[in-house]
Amino acid sequence: MKLEKKIKLFLENVPFFYNLEGTPIDSGQFIYEYNKIKLHLYDNHLGSIVAIQLPKDYQYIICIIACMDLGITYVPLGEDYPEARVQQIKKISEFGFKINVGMYQNIVTRETKSIAYFKRTVNREPVLYILFTSGSTGSPKGVEISRSAYENFLIWLGKEFRVTKEDTVLNATEFTFDVSLVDVGFLLNSQPTMVMSNFKNDLFCLLGEIEKYKISVIAAVPNNFSLIFKDEIMARVDLKSLKYALVAGSRFSENLYHNFIKYVPHTQVYNCYGPTEFTIYCLFKKLGDNNDVEKGVVSIGQPLLNTHALIIDANSNIVDNNVIGELVVSGPQLMSSYKGDIKRSLEVLININNLKYYKTGDLVYKTSEDYFYMVGRVDDTVKVSGFRINLSDVDSYIQNIDKVLDCVTLFIESKDNEGVLVTYLILDGSISTSEIKSSLKLVMPAFQIPKYFNKIDKFPLNSSGKICRKTLKNNFLSG
Amino acid sequence: MNKEEIFNTILLTCRTIFNDSDLELSFDSTADQVDQWDSVTHIQLILEIEKSFNMRFSLGELQKLKRIGNLVELVSEKLSEA
C-alpha cells in the first residue's frame, strides 16, 4: 500500500496519544492541529524542504506525517542542536522553512480555511526525509531516504509484527534517530495507542511508563535495557505487558541477551541492525533459537524484505562463509545519496553484479545457515545510544578550541555498558573540562560530546610511532 | 536524622558517584546541571542512596523526583515512617 493511502487510513482512525506530560490527546485535537499544519504547508511550502525542530512530543509526529502526506521532504532537527549545527544542516539540505515551537503554536492558533480546501492533487517529492549523521571532517552527512524505501520498510514491519489497535507503543527515541520511524510505522500500519516517553536520562521513568501505560511495544537502544536488568531494579517493576522489544543502535551484548531471557521471558525480542543509509533496519534476528549467539556475539540475523546482503573483502570480492569481511547491502531501502555530496556518495555506493550496494563499514561474517554476526568496524566510527559518531569528526571539533594543541578521542566499552567517549588532550595553557564542553555545545549536538576529558603531556606511541590507543584505553579502565 | 544530615549524606554519595570531590549541590539542583549525571550514574546514585539509608523507593516515588530537594524530602518521609 502506498504511503499516502496508509496516512489516509491513519487519519480516519487516529488513536489516543499521551503527550510528554502524560495528558491524553484525543483524535479530535490531533486532527485539528494536523489540519492546521497541513494547510500551512500546503499553502506555502509545497515543493520545498522543511526542517522540524520541536520537543520530542506528538506535535513532532503531526509535522512528520503532514510532510509525508503532502510529499514535502523533511529534515528532523534535535531541539538541543546548537545554531551553528542547524546552519550547517540548512546549508547542505537547503531547507527553506523551519517549524519550531513558536511557529507551531502560531500556525495551530490562527484562523485558517476549512479542510475542504484540499482539492488539488500534489506532486510528491521522491525524497521523504533527509537525516543528518556524523561525517568525518566536521561536516555532517545528509542521508536522503525515498518514499519507496520507507514503504518497503512499512510492509516488512506489518508482516513481521502483529501490532493492532489494542497495543500501546512507547516512543522512546528522538526523531533525529531513525528508529523513531518504527513507532511512526506502527501508527501508520495499525494505529496503536502512542505514549510519548519523557524518560531522558532517567530509566526509572521509562520503567514507570511501561508499567503505567501497559506498554506492549518498544523500539529502543540496548543501553535502555542493559542498565535496568538488575535484581534490585526488576524486583519493583511489572513488565508483563511487554510483547515486543525491538533493539537496535549499538552492540547487543551476550549479557543483555541472557538478561532478556531472565527478566522478560514472555517478551519477543528482536536484535535489529541498520545504518541510516538503509532506512532504519536492514537485517534482523528474532531471538529464540540456536542461531542467536555464536562465540559470544548476538546475531544480527538475516536481511529483511527485498534486501540483499553480501560480505566482501578489501578488493570487493565476495568472501566464503565464516570469513570476516565488510557487510554491503542492496535493495529498495537504500538511500538515494548524501545530499549535495557526490564524492562521499560514490565512496560508499558500489556496483556488484549490476546492483547498487551500500558499504556499511561493519565487519561481519555469515554462517552456513545464513545468519550474520557483526564483529567490528573498518573505520573509527562508533555508535552511542543509536547515534553514529565518527571519532575523527569529534577530534576535528575539539582541535578547533583555543589552547587545545592535540587530542585523540576513544570509544571505551565495558561489559555491561554500551561504552563512552573519552578524549585525551594536550593543552597549551589552562582550560577546564567545563569550558571545553561549553565550547563544544556551541557547535555540535550533545550526543557527540565526549563524557570524559583527560589532560596528558604527550601521547604514548606504539612501535610504528602512532598513538597507542590501547595504552590510553588501559589507563582509563585502570582508573 | 534531620534534612540537613540527609542532604549531606546525599551530597557525599553524589561526589563519589560523579567522581567529583568538589561537587556542590543545593536543594534546587537538578540532573541537567551536573555534567556526569546521565542514565548510568542516575541508576548508580539511586541504588547507592537506597543502600545508605537502608530503604527502597517505588517507581512512582522515583518518577516524582525533579530536584535534590525532592530526594531529601522522600528519604526524610520514609525514615519517619520506619
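**View 1. A three-stranded open sheet in chain A of the predicted model.** In this predicted model, 3 strands of chain A form an open sheet, in which they follow the order 24-25-26 and the pairing is mixed. Strand 24 (404–412) and strand 26 (452–455) of chain A stand at the edges of the sheet, and each has a single partner strand, so one side of each is left without a neighbour in the sheet. On average, and with direction ignored, neighbouring strands of this sheet are turned by 25° against each other.

**View 2. The pairing of strand 24 with strand 25 in chain A.** Strand 24 of chain A pairs with strand 25 (residues 420–427) of chain A in the antiparallel sense, and this pairing extends over 8 bridges. To follow the pairing residue by residue, the reader can look for Cys407(A), which stands opposite Leu425(A) in strand 25 of chain A.

**View 3. Two helices of chain A against strand 24 and strand 25.** Helix 13 (residues 391–398) of chain A lies across strand 24 and strand 25 of chain A, and helix 13 runs at about 150° to strand 24 of chain A. Helix 15 (residues 469–477) of chain A also packs on the sheet, where it touches strand 24 and strand 25 of chain A, and the direction of helix 15 makes about 70° with that of strand 24 of chain A.

**View 4. The packing of helix 2 and helix 3 in chain A.** Two packed helices are described by the angle between their axes and the distance between the axes. For helix 2 (residues 27–44) and helix 3 (residues 58–70) of chain A, the angle is about 45° and the axes are 9 Å apart. Helix 2 and helix 3 of chain A are therefore oblique to each other, and helix 2 of chain A passes helix 3 of chain A in a right-handed crossing. Among the residues that meet here are Phe30(A), Tyr34(A), Ile37(A) and Leu41(A) from helix 2 of chain A, and Ile62(A), Cys63(A), Ala66(A) and Leu70(A) from helix 3 of chain A. Sorted by class, the contact between these two helices has 11 nonpolar, 1 polar and 3 charged residues.

**View 5. The side of chain A that touches chain B.** Here 16 residues of chain A are in contact with 15 residues of chain B. Helix 8 (203–212) and helix 14 (433–441) of chain A are the elements that give two or more residues to this side of chain A, and the largest share, 6 residues, comes from helix 8 of chain A. By class, the side of chain A that touches chain B has 6 nonpolar, 5 polar and 5 charged residues.

Methods: Residues numbered from 1 in each chain as written. Chains lettered and ligands numbered in written order. Predicted model: local features only at pLDDT ≥ 70, side-chain atom pairs only at ≥ 80, totals over all residues. Axes fitted to C-alpha atoms, helices over the stretch in contact; angles between N-to-C directions. Helix = DSSP H or I, 4+ residues; strand = E, 2+ residues; numbered from the N terminus. Parallel < 35°, antiparallel > 145°, perpendicular 65-115°, else oblique. Left-handed = near helix turned anticlockwise from the far one by under 90°. Contact = placed C-beta atoms within 7 Å. Nonpolar A, V, L, I, M, F, W, Y, C, P; charged D, E, K, R; others polar. Pairing = 2+ DSSP bridges.
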